[in-house]
Each structure stands twice: as C-alpha cells, then as structure tokens.
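Please keep the sequence and the structure in view while reading.

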Amino acid sequence: MKKILLLVSLFVSISMHSQQKNNRFTQFDISAPLKGNSTYGEIDSNGVRSDYWFLPDGLSLKYGVGIHREKWVSLGVQTGIDWIATQKLVAVPVFANFKLSPKVSEDVRVYTQVGYGKSFGIGRGSLIGIYRKISLGVENDEGISLFIQVSDFGIPFVNIESVTSFSIGLSVITF
C-alpha cells in the first residue's frame, strides 16, 4: 500500500511541477517480445527454409508521463499492458521510469532507461510481482526512437520463478 501511495504522489508531484516550468513529456511505446527460433535453418515440408533467428512472441503497449530537464534526464510514471504468448501471460506493469539521453550529434541521442515498480498478472488469479526493465535506444530530435529492452515481471509461474522478456520496439515522446 505504501508503494502505491508513493507512485501516486510521484505522479501528482510530476504533474504539479511540470505545469510550472513546461518541462513535461508524454511517452508511448510499442514493442514486440522476441523468442529464439528453434527451427532456424530447417526446411519445412513445403521446402521453405526458416531463416529468422528470432520470432515475435507477443505485444507490449505502454504509456507514461513525466518531467525532463533539457531532454537529457527525465523521470516519469508509466503503465501499459504486456502479452507474452509462449508464457500465456498478460500483465499490467505500473512503474517509475528514469532516463538518461545524452546527444551524440546535433539531432541524435542515445539513451538508457530503467524502470522499477509492480506487475499485475491478468486472468491467472492474484499474481503480483516486482517489475524491472532496462532499455537502450537511439532517439531523433523529434522524439521518435528505436529501442531494445529486457523486462522482468517477477511473476512466478508453474516451474519458473519469474517471466523475463527481450523486446524490440518503437517509442514516441512529445515534449
């Protein structure tokens, strides 16, 4: 309960602080979790060779708000929905997000983004775990970025302690 109140107060303070300095941002992410292709290099009965190392394994959508300082450092709150097909998991993460994004040229930034919060499993009883993520990406001056991400849902399943996914995605940030 204390952690939820902390996240709510963080969200409220971000909203109140951002209205004063106009340093607010919104972020929308769409990504696809990937899994290794176990049939890579094999030829099926139709004579088609499996040439992909990774295959899509679900879908992830996230939305968040926060504050930033000259687009270089930001702090925000995000939520969304994640679907991981092979694990038959649908989860809603709610987490705080911290991002560092230094410029590498006039209109390109490289960033690392970490998130920490709670993950709530849907449709499987009361599954709750600690959500952690780290992203690495490249962002243009318009706020559009490509990223790779590793997420750990901290939700215990039948024979595993937690569910982890590797994703590739697209993010749009409006400042």
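This is a predicted model: local features need pLDDT of at least 70, side-chain atom pairs count only at pLDDT 80 or more; totals for chains, interfaces and linings use all residues.

With which side chain does the side chain of Asn97 make a polar contact at 3.4 Å? The partner is the side chain of Gln78.

**A buried asparagine**

Asn97 belongs to strand β5, which covers residues 89-100. Its relative accessible area is 5%, so Asn97 is buried, the limit for that class being under 20%. Besides the contact with Gln78 at 3.4 Å, the side chain of Asn97 makes a polar contact with the side chain of Gln113, at 3.3 Å.

**Overall architecture**

The protein contains one helix and nine strands. Along the sequence, these elements follow the pattern α-β-β-β-β-β-β-β-β-β. The chain has 175 residues, of which 37% count as buried.

**Salt bridges**

Side chains of opposite charge can pair when their charged atoms come close. Three salt bridges are found in a search of the whole structure.

| Asp82 | Lys62 | 3.0 Å |

In the salt bridge between Asp82 and Lys62, Asp82 lies in strand β4 and Lys62 in strand β3, so the pair ties together parts that are 20 residues apart in sequence. Asp82 is buried, with a relative accessible area of 4%, and Lys62 is buried as well, at 3%.

Glu139 counts as buried at 3% relative accessibility, and Lys99 is buried with a relative accessible area of 4%. Lys99 has a further neighbour: it lies over the face of Tyr111, at 4.3 Å from the ring centre.

Is Arg132 buried or partly exposed? Arg132 is partly exposed, with a relative accessible area of 41%, whereas Asp152 is buried, at 13%.

**Aromatic pairs**

A pair of aromatic rings is described by the distance of the centres and the angle of the planes. The whole structure contains four aromatic pairs. One of them is formed by Phe25 and Phe175, whose ring centres are 6.4 Å apart and whose planes stand at 50 degrees, so the pair is tilted. Phe25 lies in strand β1 and Phe175 in the segment after β9, and the pair therefore ties together parts that are 150 residues apart in sequence. Phe25 counts as buried at 5% relative accessibility, while Phe175, at 39%, counts as partly exposed.

Another pair consists of Tyr131 and Phe153, with ring centres 5.4 Å apart and planes at 55 degrees, so this pair is also tilted. Tyr131 is located in strand β7 (residues 128-140) and Phe153 in the loop between β8 and β9, so the pair ties together parts that are 22 residues apart in sequence. Tyr131 is buried, with a relative accessible area of 0%, and Phe153 counts as buried at 1%. Tyr131 and Phe153 form one aromatic cluster together with Phe95.

**A nonpolar surface patch**

The surface carries a nonpolar patch of about 1000 Å², whose residues include Phe28, Ile30, Leu59, Leu61, Tyr63, Ile81, Trp83 and Ile122. The elements that give two or more residues to this patch are β1 (24-36), β3 (58-69), β4 (73-84), β8 (144-152) and β9 (164-174). Which element gives the most to the nonpolar patch? With three residues, β3 gives the most. Trp83, one of the patch residues, is found in strand β4. With a relative accessible area of 43%, Trp83 is partly exposed.

Technical notes: Residues are numbered from 1 along each chain as its sequence is written. Side-chain values use heavy atoms; hydrogens and water are left out. Patches are made of residues with over 30% relative accessible area and no salt bridge: like charges are joined within 9 Å, nonpolar side chains (Val, Leu, Ile, Met, Phe, Trp, Tyr) within 5 Å. Accessible areas come from the Shrake-Rupley method with a 1.4 Å probe; for residues, only the protein chains shown count as cover. A salt bridge is a side-chain nitrogen of Lys or Arg within 4 Å of a carboxyl oxygen of Asp or Glu. Helices (H or I, at least four residues) and strands (E, at least two) are DSSP runs, numbered from the N terminus. Buried means under 20% relative accessible area, exposed over 50%, partly exposed in between (1.4 Å probe, protein chains only). Rings of Phe, Tyr and Trp (its six-membered ring) pair if their centres lie within 6.5 Å; planes under 30 degrees apart count as stacked, over 60 as edge-to-face and the rest as tilted. A charge sits over a ring if NZ of Lys or CZ of Arg is within 6 Å of the ring centre and within 35 degrees of the ring normal. A polar contact is a pair of N or O atoms within 3.5 Å; within protein, one must be able to donate a hydrogen and the other to accept it, and residues adjacent in sequence count only if both atoms are side-chain atoms.
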